Amino acid sequence: MTMNRGMNGNKSRWQTSSRGGLDGGRSNQTSLQTEQMMEEMNDQNLEHLGDTVSRLKETVVEIRDTVEQQNTYLDQLAKGMSGATNAVKGSMGKLEEVFKTGGSKHICILIAFAFFVFVGLYYLIKK
């Protein structure tokens, strides 16, 4: 038999020499056992790494879903804020018209009404 070598020139644990058996006799058996033990450890490490990668992938998917959901909420909030902004602009325009027409009496009544409503709500909530 001829010696088989892997791509990097090292013997693998299944390869034999020209003497018909494993190289080196007893010392090679120890080497073979060590190599087998290292292969088993590598297999365990690879399995652990695969589990870790799977958990990481699940975490990334959860983060992506959360980000997409939050982006949807932010878009809805932006639309709501645009509507509120337009409503405030419309109210400000109407208030400017009232000021221009000399309706200061109406403004004073409006301010007094708002003040008493807030004071009344304050006392109702405080009780």
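Predicted model: local features only at pLDDT ≥ 70, side-chain atom pairs only at ≥ 80, totals over all residues.
The secondary structure comes to 2 helices and 0 strands. Helix α1 covers residues 26–100, and helix α2 covers residues 104–126. The protein exposes about 11,400 Å², and carbon and sulfur atoms supply 61% of that area.

I will start with the charged side chains. How many salt bridges does the structure hold? There are 2. One joins the side chains of Asp-65 and Arg-64, at 3.1 Å from N to O. The other joins Glu-68 and Arg-64, at 3.9 Å from N to O. The cut-off for a salt bridge is 4 Å, so the 3.9 Å contact still counts. Arg-64 takes part in both contacts, and Arg-64, Asp-65 and Glu-68 are linked in a network of salt bridges.

How far apart along helix α1 are Glu-68 and Arg-64? They are 4 residues apart in that helix, which means a separation of about one helical turn.

Arg-64 is partly exposed, with a relative accessible area of 45%. Glu-68 is partly exposed as well, at 44% relative accessibility. Asp-65 has a relative accessible area of 37%, and is also partly exposed.

Staying with charge, there is a negative surface patch. Which residues form it? They are Glu-40, Asp-43, Glu-47 and Asp-51. Taking one of them, Asp-43 is placed in helix α1. Its relative accessible area is 47%, so Asp-43 counts as partly exposed.

Now to Leu-95, which is also found in helix α1. Leu-95 has a relative accessible area of 30% and is partly exposed. What separates the C-alpha atoms of Leu-95 and Ile-107? The separation is 8.4 Å, for two residues that are 12 apart along the chain.

Next, the nonpolar surface. Phe-113, Val-117, Phe-118, Leu-121, Leu-124 and Ile-125 form a nonpolar patch. Together these residues have about 700 Å² of accessible area. Ile-125, one of the members, is found in helix α2. Its relative accessible area is 71%, and exposed means over 50%, so Ile-125 is exposed.

Last, the aromatic rings. A pair of aromatic rings is described by the distance of the centres and the angle of the planes. The structure holds 2 aromatic pairs. Phe-115 and Phe-116 form an edge-to-face pair, with 5.5 Å from centre to centre and 70° between the planes. Phe-115 is exposed, with a relative accessible area of 51%. Phe-116 is exposed too, at 58% relative accessibility.

Why is the pair of Tyr-122 and Tyr-123 edge-to-face? The ring centres are 5.5 Å apart and the planes stand at 70°, so Tyr-122 and Tyr-123 make an edge-to-face pair. The cut-off for that label is over 60 degrees. Tyr-122 counts as partly exposed, at 47% relative accessibility. Tyr-123 is exposed, with a relative accessible area of 51%.

To recap, the charged part of the talk was a network of salt bridges linking Arg-64, Asp-65 and Glu-68, plus a negative surface patch that includes Asp-43. The nonpolar part was a surface patch that includes Ile-125, and the aromatic part was 2 pairs of rings.

Conventions:
Residues numbered from 1 in each chain as written. Heavy atoms only, no water. Buried < 20%, exposed > 50% of the residue type's maximum accessible area, 1.4 Å probe, protein only. Patch = residues over 30% accessible without salt bridge, like charges linked within 9 Å, V, L, I, M, F, W, Y side chains within 5 Å. Areas by Shrake-Rupley, 256 points an atom, 1.4 Å probe, with all protein chains shown as cover. Phe/Tyr/Trp six-rings, centres within 6.5 Å; stacked < 30°, edge-to-face > 60°. Lys, Arg positive; Asp, Glu negative; His and termini not counted. Charge placed at Lys NZ, Arg CZ, Asp CG, Glu CD.
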